[in-house]
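Q: I would like a close look at one part of this model, followed by a walk through its surroundings. Please keep it brisk.

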Amino acid sequence: MELEWLIKNETENTTLDFKREQYLKPKYSDLIKDVISMANTPIGKKKYIVIGIKETSSGCKECFPINKKEFVDKATYQQIIRENIEPYIEIDYYSFNLDGNLLGIIEIDKCDNPPYMLKKNFGDKLKKGDMFIRKGSQQDKITRSDLDEILTFKQKRLFNNKVSMGLSKDMAEKLNTVIEKDYELPSSKAKREIEDILERRKYGLVVEWDIGFDINNALLSSNKKPLSKRTTEELEQMLADIESYYQEEDMYYISESLSINLNVFIKNNSEKYIEDANMILKLPKYDGNLMVFEEIPEEPNNIFNKFNSFCNHNYPIVEENETHFIVEWNYGDLPHKKTVQFFDEDIRVFIDGNLIGESVLVNCELYGKNLPFPIRTKLELQIK
């Protein structure tokens, strides 16, 4: 078993100590100091004090088995630790048989809340507030640099593997995304209708037939003058610069009808909220086949456009460089034990049909004041 192997093969180190005899009353101060030193060591694994073994200067081990009748009840050690160390350290003390020799094992586990210190004075040497740390086989009082390392370890351990991100409420890391393959932009539809009107006028067909297009024209160009009411010269000029005339309609249609609404969901399973949580997303441009809108375009001439202004106020910041779109948003304090939608307003991502069959990687970086390091993950859009 692992413990037997450690005793036989490992020398004293940061997480392993050997003692010849049990801690009896005159040695309780040593017990307190040894446990604090072990618990403050910034290593996320169990620590052991093995009693009944003496390690010589050459690294050899001598066994001094404990008399079964003299084996100390674990409650005694637990009480000493509980009364003299804060915050509480969870220890266990149990017997272990090594080749017929009875040893005692103090196991120190779940040291998730360092630094640990003396709760009160104990004897002549240990004073209230004293903190110790084990380095290799030695122990010493904690220095400022030790404390910085301990606190960094504490924060990292607090959130490590406890914060997950996904692209849906069920925390999916991969999301199937079906995009529209066959569509007609408002500018293309208007172009076709203008050409139809001009063609009919060319052959002297009754203009009244144009009235049939008025409803569509009103939808396409909002409060703009209906196509059927425009002169031939006006229509020809529009045709020559059709994309400019219908730019607002095209962008709104792409944003709200063709783009996907993308958000990131976060589940914080730690015991603490993340302070001032900030997220950065990076989406590749794919040679112009992917675009992230900087804001939600206003629906042309819609009387409810103030609603768009409200949405854009809650829309993430979108910037770009040569290769990526970069999305950033500050959530504030991110609660724990619940799943939250990170962006107030979904970002609009347009993906061209050329990417069908591809997987778009979304790089996510989560920052927080109490995160020692950013939490990074890769999410995936599978384009269908």
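Which residues does N314 touch, not counting residues up to four places away in sequence?

A: This is a predicted model. Start with the residue you asked about. N314 touches W329, D344 and E345, once residues up to four places away in sequence are set aside. N314 itself belongs to a loop. That loop runs between α10 (305-313) and β17 (317-320). N314 has a relative accessible area of 17%. Buried means under 20%, so N314 counts as buried.

L258 is another buried position, with a relative accessible area of 8%. L258 sits in helix α9, which covers residues 247-258. Its contacts, leaving aside neighbours within four places in sequence, are E180, Y183, L185, Y253 and F350. There is also a spacing to note for L258 and P297. The two are 39 residues apart in sequence. In space, their C-alpha atoms are 13 Å apart.

Next, the nonpolar cores. The largest nonpolar core holds 46 residues. Within this core, I266, L281 and L366 touch the most other members. Strand β15 (residues 274-284) gives the core its largest share, five residues. L366 deserves a contact list of its own. Not counting residues up to four places away in sequence, L366 touches V163, M165, I266, I274, A277, N278, M279, L334, F342, L371, P374 and I375. A second core is separate and has 26 residues. Among them are V35, M38, I51 and L118.

Last, a helix pair. Helix α2 spans residues 28-39, and helix α3 spans residues 74-84. Their axes come within 10 Å. The axes cross at roughly 70°. Angles of 65 to 115 degrees count as roughly perpendicular, so α2 is roughly perpendicular to α3. The crossing of α2 past α3 is right-handed. On the α2 side, the contact is made by Y28, L31, I32 and V35. On the α3 side, T76, Y77, I80, I81 and N84 take part. By class, seven of the contact residues are nonpolar and two are polar. None is charged.

Methods: Residues numbered from 1 in each chain as written. Predicted model: local features only at pLDDT ≥ 70, side-chain atom pairs only at ≥ 80, totals over all residues. Heavy atoms only, no water. Core = buried A, V, L, I, M, F, W, Y, C linked by side-chain atoms within 4.5 Å. Buried < 20%, exposed > 50% of the residue type's maximum accessible area, 1.4 Å probe, protein only. Helix = DSSP H or I, 4+ residues; strand = E, 2+ residues; numbered from the N terminus. Contact = heavy atoms within 4.5 Å. Axes fitted to C-alpha atoms, helices over the stretch in contact; angles between N-to-C directions. Parallel < 35°, antiparallel > 145°, perpendicular 65-115°, else oblique. Left-handed = near helix turned anticlockwise from the far one by under 90°. Nonpolar A, V, L, I, M, F, W, Y, C, P; charged D, E, K, R; others polar.
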